[in-house]
Amino acid sequence: MQRPEIKDLLKRYLAGTCTLAERALVERWYMQFNEDSKDKDISEERLIEMGKEIRNALSLQEAVVGTRRRWLVRTAIAAAVFASLLGTIFFTVYFPAVNRQTARVTLDTIAPIHSLRHNTLTINGRLQIDLDSAGDGVIADGDGFEVVKLGPGRLMYRRKGKDLGKGERLSHMISTPKGSNQYEIKLSDDTKVWLGAASTLILSPIDFALKRSVSMSGEAYFEVFKDRGRPFSVHAGSQHIEVLGTHFNVESYRERQWTRTTLLEGALRIKSVKSAILRPGEQAESDARHLTVKKADTDEVTAWRKDEYIFRNERLSNVMLKLERWYDIDVEYRTPDRAEIILGGSISRGDRLEDVLKVLGLTGNVNFRLEGKKVIVR
Amino acid sequence: MTRYNRYSDEELLKMLKASDHYAYTEIYNRYHYMLLQHAYTKLGDEEQAKDVVQELFVNLWLRRENEMNAANLAGYLYKATRNKILDIFAHQKVRENHVQASLNDFASNYSYADTDHLVLEKELSAYIERQVQALPRKMREIYELSRKGHYSHREIAEMLNTSEANVSKQMTNAIRILRKKTDTFIIIYFIYNSL
């Protein structure tokens with residue numbers, strides 16, 4: 001075989017277009033390649049050192065167990081008041097340098113399609129509790145904590161007694177399904193978290209008591225209780241967010257590679273591929289390789305908290321991503337470039353999907369067909 | 001000590017898919033050393049080896065829900081590392097490239113007829129096993145603890161802060177209380193093999 005053919009073989013192997021025999025050749029060669037070479041000698045200490053460097057770059061979350069601390073339990077409960085549903089959808093559509101249309105439609109306030117799936121609390125990945133059908137009151141305890149259901153869509157963590165549990169840590173995962181209303185969780189430090197539809201919050205009650213750290217995916221709004229002695233941190237996609245006491249919104253969808261954090265109040269530090277400090281009104285967007293900070297429209301970002309969704313100069317694919325979560329639908333693009341259309345407008349939680357699609361369709365250049373739970377975009 | 005080191009690879013994968021960051025950390029603890037050593041062996045360059053492993057773990061988290069259909073975590077991580085390294089090889093300059101020379105030599109002496117998918121998988125498993133056996137003692141212990149598998153009754157009892165005999169009774173009680181409280185209570189209750 002000639003050298004260029006070898007390079008070509010590797011490329012075809014990676015593209016998955018080589019023959020089975022070629023695949024076997026590459027894999028067998030690779031397995032033995034350099035195995036007996038003297039160049040491969042590297043000390044154990046050096047490998048451990050490299051491992052630590054990567055660990056820092058990934059900002060891994062190590063479980064903390066064992067230490068017991070006493071502290072005050074604050075029990076004040078504040079109810080969240082949400083704005084009532086609006087019955088108007090308003091869209092402006094921008095086709096880049098083509099034409100501009102506006103459509104305005106008034107609709108009755110009819111609830112979106114509700115999912116049969118439920119809000120759940122999963123403990124240690126094994127015990128799953130249906131939060132919707134559970135009665136109010138204590139629904140789980142362990143590790144010296146109680147989980148209390150306060151009513152539909154509201155949960156509270158509370159310390160039970162003075163001592164923490166015996167140093168074991170349970171993993172709690174709260175998940176909202178597609179189509180879910182926002183779910184409010186009050187953590188044991190009085191921090192409040194609102195989870196959007198199809199989102200997940202993960203914490204260990206004991207670890208949380210010690211170092212106020214949670215992970216999440218989907219969309220969540222945080223009102224962090226100020227405690228200078230104990231910073232609060234959130235892991236979301238490619239970001240590690242450190243705060244003292246602030247209000248901020250995080251979007252980290254599994255369908256997208258990016259994570260976006262928008263700060264409303266206070267200050268926070270984002271650790272990702274690099275570090276950045278956010279000021280109010282700023283948004284940090286990151287993926288595996290980049291982190292950028294820019295000014296953001298905070299009304300737009302937090303509109304979901306008022307059961308609205310506002311978008312300006314947003315790609316249709318991002319608009320549909322929200323609709324998928326709100327209405328529990330799947331979207332299929334028959335004409336791929338439609339996903340790139342830029343739109344602006346707002347949707348209220350109560351709007352019927354059919355009507356939302358009708359209005360989006362009125363803006364031209366795109367057609368929707370609803371087949372059961374699937375929306376076909378043409 | 002965190003108890004995550006006692007979860008099997010399979011359990012960690014499930015937890016990872018559910019975005020459990022501690023499971024992610026445990027996977028890192030369990031595999032980073034082997035993968036770094038492997039990447040260094042093949043690449044002979046510390047910076048490149050570090051980049052490969054770091055990128056692998058960043059992607060593991062980012063793609064935890066979409067692409068992680070692998071039942072075999074070790075196999076998945078090795079294959080992902082291999083692809084990344086082969087990609088580096090494929091883009092090296094042809095001149096002064098002993099990687100391509102080595103593959104060329106190997107190809108000319110190659111006489112294997114067996115190209116079966118399962119045979120290749122077995123060869124990879126055997127390769128990984130050899131890597132595990134060659135690990136420094138402390139690293140190997142981390143790995144082997146996890147192979148012993150599931151928690152014992154006593155450990156679950158400790159985890160739930162109660163006595164062993166109480167575990168199943170408490171679970172049953174919990175379900176009964178919850179049933180009383182609701183009309184249409186749905187609980188999916190399963191504890192793997194252990195109870």
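Next, the ground rules. This is a predicted model, where local features need pLDDT of at least 70, side-chain atom pairs count only at pLDDT 80 or more, and totals for chains, interfaces and linings use all residues. Residues are numbered from 1 along each chain as written, chains are lettered from A and ligands numbered from 1 in written order, and side-chain values use heavy atoms, without hydrogens and water.

Aromatics first. Rings of Phe, Tyr and Trp (its six-membered ring) pair if their centres lie within 6.5 Å; planes under 30 degrees apart are stacked, over 60 edge-to-face, the rest tilted. Over all chains, there are twelve such pairs. One of them is Phe33(A) with Phe89(B), edge-to-face, at 5.5 Å between centres and 80 degrees between planes. Phe33(A) sits in the loop between α2 and α3 of chain A and Phe89(B) in helix α4 of chain B, so this pair joins two chains. Helices here are DSSP runs of H or I, at least four residues, and strands are runs of E, at least two, numbered from the N terminus. Phe89(B) is buried, at 1% relative accessible area. Phe33(A) is buried too, at 3%.

Now Trp194(A) and Tyr221(A). Their centres are 6.1 Å apart and their planes at 50 degrees, so the pair is tilted. Trp194(A) is in strand β10 and Tyr221(A) in strand β12, 27 residues apart. Both are buried. Ring pairs also link Phe208(A), Phe222(A), Phe232(A) and Phe248(A) into a cluster.

On to helices in chain B. How do α2(B) and α6(B) cross? Their axes come within 11 Å and cross at roughly 105 degrees. Axes are lines fitted to C-alpha atoms, for helices over the stretch in contact, with angles from 0 to 180 degrees between N-to-C directions. The two helices are therefore roughly perpendicular; that label covers 65 to 115 degrees, with under 35 roughly parallel, over 145 roughly antiparallel and the rest oblique. Contact means heavy atoms within 4.5 Å. Met34(B), His38(B) and Lys42(B) of α2(B) meet Tyr127(B), Ile128(B), Gln131(B) and Val132(B) of α6(B).

Last stop, Val148(A). This residue lies in strand β6, residues 145-151 of chain A. At 6% relative accessibility, Val148(A) counts as buried.

Terms used:
Buried means under 20% relative accessible area, exposed over 50%, partly exposed in between (1.4 Å probe, protein chains only).
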